[in-house]
Amino acid sequence: MSTVRRLLRAPALLRRLALASLLANVGLVVTGGAVRLTGSGLGCPTWPRCSAGSYVTTSEMGVHWSVEFGNRTLGVAVGLLALACVVVAAYQPTPRRPLVFWSVLVLAGIPAQAVIGGITVLTRLNPWIVGCHFLASAAVIAAAYQLTIRATAAARAPAPAHPPAAAVPVDPDRRPVQLARPLVLLARLVVLASAAVLAAGTVVTGSGPHAGDATARRTGLDPQGIAQIHADLVFLLIGLSTALWFALRAVNAPAGPRRAAAWLLGAELAQATIGFVQYLTHLPAPVVELHLLGAALVWLAALGVLDTTRTAEPPPVRSPVTATAMSTAP
């Protein structure tokens, strides 16, 4: 096997690339927020070019052009990382199908996200399209997260050994978790509430002062009323997350789900604190940027809860007598 092929088959390489892709997608959300908060949303007034005659900025175009172009450049880097993940996933030892599936999904999300970004420019920062742009990033982050946890599991899997794998010690925290169905449903409800909070947050932003450009229009909705709905959803999310955390402790669930629920609850409380600070200080740009980063981290924590509490239905148990009868049936 050649050196290059051996490198491409290394699970550790895919794990590093997947993690870099995940972090880069979170960074794309943060830089996209910087574009909006600095009024650089139309810094590149056309798409896919930055100006009528150039794909890149020039010294005469000013700071706003540089901020917007920087965000576009990071988008290209995110796409290259996603492409590298697809290539390396295709070379992984069996099972490779889930790795290829999620890496392709991430890669497909990048051009889709770029097209939505182009539509935001061509529609002069329509607030509803801008909101879809952020939610599309959340979807790509979810796919990148799934790729990361699967690549990490593949990298940590023990190599084939003799005697058989049954003799290999198993980390108790990584054994398949079988939780009661109500707990699994509660975890899924927490993730749905997290998605609802993200969606409501985009409407709040589209109704507030940070339009990305002085000429961009707003949704026309009452900012106070929309902010109250968003806050109500946040309180619902924190309540559900608290209930999940207590329920997992009450049934003495494995450490993985309990730890994930604790991280989510901590991230939500920190994010809620930032939200109150930005509201009371009349939305200063640095605090809003921090709140945007917090939104991405809360979403990742919610995905972590979903992953650690996901459980498949146990297979039916057949008695030896039944199994013998089935094997001898004509």
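## How confident is the model?

What is the mean pLDDT of the protein, and what percentage of its residues reach 70 or more? The mean is 86, and 85% of the residues get to 70 or more. pLDDT is the predictor's confidence in each residue, on a scale from 0 to 100. A contact here means heavy atoms within 4.5 Å. Residues 312–330 also stay under 50, with four contacts beyond four places in sequence.

A bit of housekeeping before we look around. This is a predicted model, where local features need pLDDT of at least 70 and side-chain atom pairs count only at pLDDT 80 or more, while totals for chains, interfaces and linings use all residues. Residues are numbered from 1 along each chain as its sequence is written, and side-chain values use heavy atoms, with hydrogens and water left out.

## The big picture

You'll find 10 helices and zero strands in this protein, giving the pattern α-α-α-α-α-α-α-α-α-α along the sequence. Helices and strands are DSSP runs, numbered from the N terminus: helices are H or I with at least four residues, and strands are E with at least two.

Of the 330 residues in the protein, 40% are buried. Buried means under 20% relative accessible area, exposed means over 50%, and partly exposed sits in between (1.4 Å probe, protein chains only). If you take the contacts with a separation of 6 or more, 75% of them link residues 24 or more positions apart.

## H7 against H8

Now for a pair of helices. H7 (residues 223–250) and H8 (residues 255–280) pack at an angle of about 155 degrees, and their axes are 9 Å apart. That makes the two roughly antiparallel. Axes are lines fitted to C-alpha atoms, for helices over the stretch in contact, and angles run from 0 to 180 degrees between N-to-C directions. As for the wording, under 35 degrees is roughly parallel, over 145 roughly antiparallel, 65 to 115 roughly perpendicular, and the rest oblique.

H7 passes H8 in a left-handed crossing, meaning that the near helix is turned anticlockwise from the far one by less than a right angle (clockwise would be right-handed). The residues in this contact are 15 nonpolar, three polar and three charged. Nonpolar covers Ala, Val, Leu, Ile, Met, Phe, Trp, Tyr, Cys and Pro, charged covers Asp, Glu, Lys and Arg, and the others, Gly among them, are polar. On the H7 side, the residues include Phe-235, Ile-238 and Trp-245, while the H8 side includes Leu-265, Leu-269 and Phe-276.

## H6 against H9

H6 (residues 181–207) and H9 (residues 285–309) pack at about 160 degrees, with axes 9 Å apart. H6 and H9 are therefore roughly antiparallel, and H6 passes H9 in a left-handed crossing. By class, their contact has 10 nonpolar, two polar and one charged residues. Among them are Val-184, Val-191 and Leu-198 in H6, which line up with a set in H9 that includes Trp-299, Val-305 and Leu-306.

Leu-14 lies in helix H2 (residues 11–37) and is buried at 1% relative accessibility. Leaving out residues up to four places away, Leu-14 touches Cys-85, Val-88, Ala-89, Gln-92, Leu-99 and Ala-151. Leu-14 and Ala-155 are 141 residues apart in sequence, yet 8.2 Å apart in space, C-alpha to C-alpha.

Gln-146 sits in helix H5 (residues 127–156) and is buried too, at 6%. Beyond its neighbours within four places in sequence, Gln-146 is in contact with Trp-102 and Arg-310. His-230, in H7, counts as buried at 15% and is in contact with Val-197, Ala-200, Gly-201 and Val-204.

Most residues other than glycine have a negative phi, and most peptide bonds are trans. The bond from Trp-47 to Pro-48 is cis, with omega near 5 degrees, and Pro-48 is in the loop between H2 and H3.

Leu-125 has a positive phi, near 65 degrees. Leu-125 is in the loop between H4 and H5 and is buried, at 6%. Leu-283 also has a positive phi, about 60 degrees. Leu-283 is in the loop between H8 and H9 and is partly exposed, at 29%.
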